[in-house]
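Please open the model in a viewer and keep the selection panel at hand.

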Amino acid sequence: MAHWVLACKNCGKDFKHSDISDELFGQHLDVTGWIDKPAFPDGGERLMCPHCNESSLYQRYMLRFVGEPNR
């Protein structure tokens, strides 16, 4: 399954932010053919890394796409 990941600011390891469901894959493409990233609150979103348990503030632009849909 495809999903969005963030790199921890403390340990550098990737962790999953959210899944991209196979049913929605291909239905939410922007004009460039890319899938829209999930919305973040103004000022960013504070998340905890599941690897090192460090809490950090992340911005939407930091999300990276990983994986492919199950087809």
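A nonpolar core is a set of buried Ala, Val, Leu, Ile, Met, Phe, Trp, Tyr and Cys residues joined through side-chain atoms within 4.5 Å; buried means under 20% relative accessible area, exposed over 50%, and partly exposed in between (1.4 Å probe, protein chains only). The model is predicted: local features need pLDDT of at least 70, side-chain atom pairs count only at pLDDT 80 or more, and totals for chains, interfaces and linings use all residues. Residues are numbered from 1 along each chain as its sequence is written, and side-chain values use heavy atoms, with hydrogens and water left out.

Strands are DSSP runs of E of at least two residues, numbered from the N terminus.

Next, select Phe40. Contact means heavy atoms within 4.5 Å; beyond residues up to four places away in sequence, Phe40 touches His17, Glu45, Tyr58, Gln59, Arg60 and Leu63.

Move to strands β3 (residues 45–48) and β4, which run antiparallel and are joined by four bridges; two strands pair if DSSP finds at least two bridges between them. Leu47 stands opposite Ser56 in β4. On β4 (residues 55–58), Ser56 and Tyr58 form the covered face, Ser55 and Leu57 the uncovered one.

Finally, select Glu54, in the loop between β3 and β4. Glu54 counts as partly exposed because its relative accessibility is 37%. Its C-alpha atom is separated by 6.7 Å from that of Asn10, 44 residues apart along the chain.
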